[in-house]
Amino acid sequence: MLLQLKNIFKWVNSGGQRIFLLKDINLQVEEGEFISVMGPSGSGKSTLLNVIGMLDTFDEGEYHFLDESVHTLKEKHRSNLYKEYIGFVFQSYHLLDDLKVYENLEMPLLYKKFKGSERRAMVADMLDRFNIVGKKDLFPAQLSGGQQQLVGVARALIANPKLILADEPTGNLNSQQSEEIMQLFKRLNEEDGVTIIQVTHSEKNAAYGSRVINLLDGRMV
Amino acid sequence: MLKNYIKVAFRNLLKHKLFSVINVLGLSVSMATCLLIILLIYSQKKVDGFHEKQDRIVRILSVEENRSFASTPLPLGKMLSENYPHVIEDVVQIRSSFVGGDVVYGDHRIPLAGRYADDRFFAVFDFNLVSGDAETVLQEPFSIVLTKKSAVKLFGETNPIGKSVKLNDVGLNTMGIDLIPTENKETLLGDFVVTGITDNTLPSHIQFDFLVSMSTISSLVKQGKSNAIFDDWENYSDAYLYLLLKEGVSDRVLEPILKDVASEKYSTLEAINIRFASEKLSQINVSTFHQNPMSLRLPIEIIYVLSFLGLIVLFSACFNYVNLSFARSLTRSKEIGVRKTMGASRRQVFLQFILESILVGLLSLLIAIGLLQILTKVFLDLWINQFLILDFRFDIALFLVFVLFSVLVGGMAGVFPASFLSSFSPIKTLHNATGMTLGKGKRIHLRKGLVVMQFCASLFFIITTLLIFSQLNYLTEKEYGFDQSNVINLKLQGMDYETLTNELIQNPSIQGISACSFVPGTGGYSGSVLIENNSSEGESELTSHFIAVDQNFIPNLKIQLKAGTNFSAEMPKHKEKFVIVNEAAAQLLGYLVPETVVGETIRIGEERTALTVIGLTSNFIFDLLTEADPKDPLLLRYLPDKFAYVNVRHTPASNTASIISFMERQWKSLDKVHSFKYKVYEDELKATNAIFSDIIYILGFISFLTITISTLGLLGIAAFTAESKRKEIGIRKVHGAKTKNITFLLSKGFLPLFFIAVLVTGPLSYFVNTLWLEAFAYKVSFSPWIIVLGMGIMFATGFGTILSQTITAAHDNPLKRLREE
Ligand SMILES: Nc1ncnc2c1ncn2[C@@H]1O[C@H](COP(=O)(O)OP(=O)(O)OP(=O)(O)O)[C@@H](O)[C@H]1O
Ligand SMILES: [Mg+2]
């Protein structure tokens, strides 16, 4: 078992009223799963993903990741945990505009105490694997959306995470580009055993996954 | 990691050029100012650093209740060395007064100023003795050690060692600024043998053109040429005393010893209440001011003031950095979010931004060092620097200090922005693609506060600068009460003034010649006397300055004679009977109607000599303009013995240069030895305000920098405001907003800030500026119009800057902007 959410509640107080963003979420994810989270806009998909990614906190419930109880961990430990095991892919890629492609790939490694030679080897390996060696000295603005997202996925993968969290990774891409990304996810999942949780609005994309979770008003349905 | 940070930092600097230029420019000019001050302090610290035993050398001070003297009584040195041999290894004394005036070798007569120093001088200090034996050069009476420079002047190529020179003493002023003789006579001290040559080019507070052995004085006393008393404990302005402490002895050991000596010598003396203190050699050049100093140097107070001004400029540049960083935090928020989700800790992000600002600091240092070259040149051109001992050479330690300083400045500027930026939470920054919730609330207040402070600083400096300039203008336009135009003053240097007058008056271009003991308004003095008055108007006593003048002085300088008569040519030269007073003196003597003083008798001096007041002049300014007070009393006395200058008035039409060369020819025919010394009165008076214009330059420069830097900062903020509202501008324009509406919308936020600044700074600048203005007797009135004018200038520059940005933004094509979004 990779992670487990038990009776997770998250709310915000607004005008004296408690608005629930997540309501009683129970979810168990095994290693090697490929999960798609679906639901209408505002249903709490991104919120859930952020909670799983430990970027956001929750107000009630338990969260176990591997052997750790995330809900009892201090901020510092939590960030060490996600640093080590989780890679993020964003809808709007979020590549750093001031860094070249290979520098964007290298960036996460800088925070993980890899040596310079190791970093170079890992970056070279990724560029190779994603077939973007020729683009390594370009800046993100010089790439197409699909290519940018390719770099985004490569960046998420570079430190060998166990889990990839992707929030609408193809939201800004045309159908051919999204298909490529989905194929890539599938390959990663099947060949490398990477666990993937993606948020998507498209049934077609959801079909790549092994399991679909539907959210409505913060509740799993 | 570091490489990555630096790369990002550089790309960021290049990408946001306007902001980078504003930051680097502001920081570099303000840093250059601070570097100059560091250089100044450093160079002062370096003075006297070449003495190998400098750590063991102390100078003894005489301390009164609220002031201290660099000098000590003559017998103190001998007394200490004899009684405390376990503490003191060596003692050197240097007479405080200069000796010399003219040194003569053959037909070379060179004006030089030297000092009496005792024979241990070269054993304790490490002045480079080019020839001669350090132990003996100053042993025998009538020994003289010349500096290399003096030796070349006197002897040229000839080897001076063993040669004999004549020394004429003219009673030089203690402060050898202008080698002003205190009296108009000279004494031939005798023949001196050159025993050594020293190269004293390394900076030291001990300045001399030559040294004469202290043992000479005893011989001179016997010959009646000196009145020095070697066991006079009551005069503590006689000599400078330096002790070389034994190895391993701390200067604290001296404390009880000096206390004992003082209480032994002075406990029975009512009139004298001093104690002694010691000061390390290394402290002499950077410490508080002592009376009777050996040489002029920058008092530590000036360094404090300069440092304060430097810091103000530096802070305004740092303000810009902080301000602009906060303003631009949005543009970096995505990067911070991404880095944090990729595993960066807050500390790492903080480090990144601090490194970035340190990089800006170092970058600014590069430019600052370039600017420093210009700045030092300008600074050294200041009038005051001809009297200071400065060594502005670069060395590696200084460079390290500079680097350290710039790192500190960078860190200081970056610490607030870095801790702010690193606090961003990744989820907020990434989720809110627009990031609109960032930097609101408290941060906005902080930013507004910073803008207000910049407005305040600008306004304060604009008002201060305006006031300083109007005061300077007032002083330079101020009438002295005499007519200095077309007058050339000659120094008599012992020549009989009537002989000279008779020669010079032959020239038809010369209209009049008068004589005086000092030239009014140039900082000279003849001293002051006690006046006693027992008249029908009551009794009064006062001390008044006096000036010795001849009968031509008042008409020649066109001084207004308000009542009575001038001196007449027939008066006896040596028996003083009549006196002329100025209005202030008359009033202080009790004559409410000053004119009634004429005909009265006053008694002056210790002897209570009775003098009849024959005339009354207006209160012309006789002191330095910066120090003059219209209420200063003055006596004009007919004392031909005291005449030291003649004032030559020539026709306005005549050529000054040809008159000067005529006078020089006449002078040379009358005096074969002294060189012709003259000054054009108008120029001389202007030069006396030089120290004041130095201050104006410095303050003006600092003001200019501060105003420029805050304007730059404002430019940045305005540019950012416009930038961050691009989308809003686009939407509003699409919906029909006019350019002028948008300009107003973007600019109006600055108005309240401006008014807050006016409310704070108006009264503050009034109060602070009144403080220094009070120090001048002749001053402009601080009219509220200056504040209003300052506000006007401030408003114009400030809003000019803001509008330059907002108008461009408002003119933007809205569709283009929206399409980009
Ligand atoms: N800090 C917050 N304060 C108040 N409400 C919030 C906050 N964060 C999220 N919400 C609300 O929570 C709900 C869920 O948001 P979330 O971003 O998870 O939706 P989503 O399912 O990802 O929608 P979409 O498909 O549009 O991305 C929304 O209604 C949103 O307005
Ligand atoms: Mg979402």
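Trainee: How many residues does the contact take from chain B, and how many from chain A?

Mentor: In this predicted model, the contact takes 23 residues from chain B and 26 residues from chain A. Chain B and chain A bury about 2300 Å² between them, with 57% of that area on carbon and sulfur atoms. On the side of chain B, B:Arg11, B:Met342 and B:Ile427 lose the most area to chain A, and together they account for 29% of what that side buries.

Trainee: What makes the pair B:Lys334 and A:Asp97 a salt bridge?

Mentor: The closest N and O atoms of B:Lys334 and A:Asp97 are 3.6 Å apart. A salt bridge requires a side-chain nitrogen of Lys or Arg within 4 Å of a carboxyl oxygen of Asp or Glu, so the pair B:Lys334 and A:Asp97 qualifies. Across the interface of chain B and chain A, the rule finds 4 salt bridges. For polar contact, 10 residue pairs are found across this interface.

Trainee: Which elements give two or more residues to the side of chain B that touches chain A?

Mentor: They are helix 1 (2-15), helix 9 (329-341), helix 10 and helix 12 (426-431) of chain B. Helix 1 of chain B provides the largest share of that side, 7 residues.

Trainee: Why is B:Phe394 called partly exposed?

Mentor: The relative accessibility of B:Phe394 is 38%. Buried means under 20% and exposed means over 50%, so B:Phe394, with its 38%, counts as partly exposed. B:Phe394 is placed in the loop between helix 10 (346-380) and helix 11 (396-421) of chain B. With B:Ile396, B:Phe399 and B:Leu400, B:Phe394 forms a nonpolar patch on the surface, and together these residues have about 420 Å² of accessible area.

Trainee: How do you know that B:Arg637 is buried?

Mentor: B:Arg637 has a relative accessible area of 9%. The limit for buried is under 20%; therefore B:Arg637 is buried. B:Arg637 is found in strand 21 (residues 634-637) of chain B. Leaving aside neighbours within four places in sequence, the contacts of B:Arg637 include B:Val529, B:Phe546, B:Phe567, B:Glu576 and B:Ile604.

Trainee: Is B:Ala809 buried or exposed, and why?

Mentor: B:Ala809 has a relative accessible area of 13%, which is under 20%, so B:Ala809 is buried. B:Ala809 lies in helix 23 (residues 784-811) of chain B. Not counting residues up to four places away in sequence, B:Ala809 touches B:Ala722, B:Ile729 and B:Leu746.

Trainee: What separates the C-alpha atoms of B:Ala809 and B:Gly106?

Mentor: A distance of 82 Å separates these C-alpha atoms, and the two residues are 703 residues apart along the chain.

Definitions and conventions
Residues are numbered from 1 along each chain as its sequence is written. Chains are lettered from A and ligands numbered from 1 in the order in which they are written. This is a predicted model: local features need pLDDT of at least 70, side-chain atom pairs count only at pLDDT 80 or more; totals for chains, interfaces and linings use all residues. Side-chain values use heavy atoms; hydrogens and water are left out. Patches are made of residues with over 30% relative accessible area and no salt bridge: like charges are joined within 9 Å, nonpolar side chains (Val, Leu, Ile, Met, Phe, Trp, Tyr) within 5 Å. Accessible areas come from the Shrake-Rupley method with a 1.4 Å probe; for residues, only the protein chains shown count as cover. Helices (H or I, at least four residues) and strands (E, at least two) are DSSP runs, numbered from the N terminus. Buried means under 20% relative accessible area, exposed over 50%, partly exposed in between (1.4 Å probe, protein chains only). Contact means heavy atoms within 4.5 Å. Buried area is the accessible area (1.4 Å probe) that two parts lose on being put together, summed over both. A polar contact is a pair of N or O atoms within 3.5 Å; within protein, one must be able to donate a hydrogen and the other to accept it, and residues adjacent in sequence count only if both atoms are side-chain atoms.
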